[in-house]
Amino acid sequence: MDAGPNSISSHKSRSRRAAARRPALQEAGSRPYMPPLSTRFRSPLAKCYGDRFIPERLAMDMDLAHYLLTEPRKGKENPAARVSPAKEAYRKLLAEKLLNNRTRILAFRNKPPEPESMLTDLRADATQAKPAKQRRQVPQVLDAPELVDDYYLNLLDWGSSNVLSIALGCKVYLWDVSSQSATLLVTIDEDSGPVTSVSWAPDGRHIAIGLNSSDVQLWDSTSNRLLRTLRGVHESRVGSLAWNNSILTTGGMDGKIVNNDVRIRNNVVQTYHGHEQEVCGLRWSGSGQQLASGGNDNLLHIWDVSMSSSVQTAGHTQWLHRLQGHLSAVKALAWCPFQSNLLASGGGEGDRCIKFWNTHTGACLNSVDTGSQVCALLWNKNERELLSSHGFTQNQLILWKYPSMIKLAELNGHTSRVLFMAQSPDGCNVASAAADETLRIWNMFGTPEAVPKASYTGIFNSFNHIR
């Protein structure tokens with residue numbers, strides 16, 4: 001049924017009453033106030049009511065923002081569609097008027113590079129700023145058959161002429177790192193062998209070889225000539241050697257430590273008694289004033305040259321410090337290159353600790369449990385880092401940051417305990433020899449820098465005229 005005139009008039013009256021009530025509903029907050037897009041007629045005193053905070057946009061040009069958000073998108077939605085010249089001219093004119101020559105907002109000035117090229121640029125910039133160190137690499141792996149698996153021996157050394165010496169059974173080989181060539185220096189008789197220790201003299205030409213028979217031989221590596229044999233110094237095998245200019249210090253299974261002046265006929269000049277078992281570690285400090293010795297009796301001794309003439313008993317020199325902190329044999333010894341009175345020592349399988357000592361006071365500065373047998377220690381000559389080689393159970397090399405002793409790197413590759421380590425003359429490369437019968441040369445401490453070669457006086461110049 002159609003509605004009559006009365007119904008139409010009543011509907012209009014209800015609409016007018018509803019319209020009259022709308023301001024009251026808005027003030028009550030049931031519908032939040034929404035500001036218009038245009039800001040030209042906005043009153044600064046206008047307030048916002050409702051359940052949301054609507055910020056004031058007096059400083060914004062909403063028409064410009066709407067253009068920037070919608071206009072560039074139109075071309076992307078249908079790139080194949082043709083735009084008439086008139087529309088294109090209008091668009092450019094409109095953009096010029098609205099933008100008023102202002103720069104774009106949150107947009108790249110140029111097309112952003114691809115991620116790979118960006119990384120390449122960053123790497124190139126970093127390389128130009130500071131050359132990256134190529135370190136902790138394994139450039140070479142050499143076979144070392146018949147390498148004696150004995151923790152207490154010292155069968156590897158790197159001379160100042162950049163030649164590696166390694167004892168393999170009864171033979172001593174020389175590996176010239178520069179020419180990448182190996183030569184056989186000597187083969188010891190089975191009655192005297194095997195070789196138990198090797199050590200280069202400071203001149204890089206002469207080498208000392210300790211034997212299982214207790215003899216010590218001195219060889220000229222350039223002429224492959226035996227210069228001298230020291231007999232009667234020890235009663236059993238000589239497992240450790242250390243040079244201090246013309247003094248060759250030897251340590252034997254008999255527990256004795258002997259200073260031998262190789263320039264004179266009566267070579268024994270001092271004897272150190274302090275160890276009750278085999279001496280397996282010997283290191284002179286950089287100044288040549290102190291000697292560190294480690295033994296299978298778990299003892300670490302510090303001997304001082306200044307005490308050799310003042311405190312002697314029947315020709316035996318008294319130690320400066322007897323350090324009993326380790327719980328196993330002490331073989332790994334390394335003097336710090338940047339602090340003359342700092343010594344690092346490593347214990348065997350029953351100890352597994354690296355300890356740091358103040359050799360002036362005898363105090364233990366720090367002790368770190370490495371979790372495995374410590375076989376050898378080497379300091380980085382250019383940075384505060386320490387390298388250790390290990391035996392059971394990981395057979396790895398660990399690079400430590402000193403003094404925090406944070407692990408910087410763990411180097412794996414050897415499949416058996418890494419018994420010996422030697423450092424190149426420039427201090428950058430490290431050779432490691434393990435019971436798996438391999439010799440590995442690591443680029444451990446970065447690129448070699450120009451290091452002036454030390455000049456040594458010829459301690460063997462008058463060898464044909466021994467006094």
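In what order do the four strands of the open sheet lie? In this predicted model, the order is β14-β15-β16-β19, with antiparallel pairing. The edges are formed by β14, residues 279-284, and β19, residues 321-323, each of which pairs on one side only. From one strand to the next, the twist averages 15°. Strands of a sheet pair through backbone hydrogen bonds, and the pairing may be parallel or antiparallel.

Within this sheet, strand β15 covers residues 290-295 and strand β16 covers residues 300-304. The two run antiparallel and are joined by five bridges. Gly-294 stands opposite Leu-300 of β16.

Strand β16 also takes part in an aromatic contact. A search of the whole structure finds eight aromatic pairs. In one of these, the ring centres of Tyr-272 and Trp-303 are 4.7 Å apart and the ring planes meet at 10°; because planes under 30 degrees apart count as stacked, this pair is stacked. Tyr-272 belongs to strand β13 (residues 268-273) and Trp-303 to β16, so the contact ties together parts that are 31 residues apart in sequence. Both Tyr-272 and Trp-303 are buried.

Elsewhere, one aromatic cluster is formed by Phe-338, Phe-356, Trp-379 and Tyr-402.

Note on methods
Residues numbered from 1 in each chain as written. Predicted model: local features only at pLDDT ≥ 70, side-chain atom pairs only at ≥ 80, totals over all residues. Heavy atoms only, no water. Pairing = 2+ DSSP bridges. Axes fitted to C-alpha atoms, helices over the stretch in contact; angles between N-to-C directions. Phe/Tyr/Trp six-rings, centres within 6.5 Å; stacked < 30°, edge-to-face > 60°. Buried < 20%, exposed > 50% of the residue type's maximum accessible area, 1.4 Å probe, protein only.
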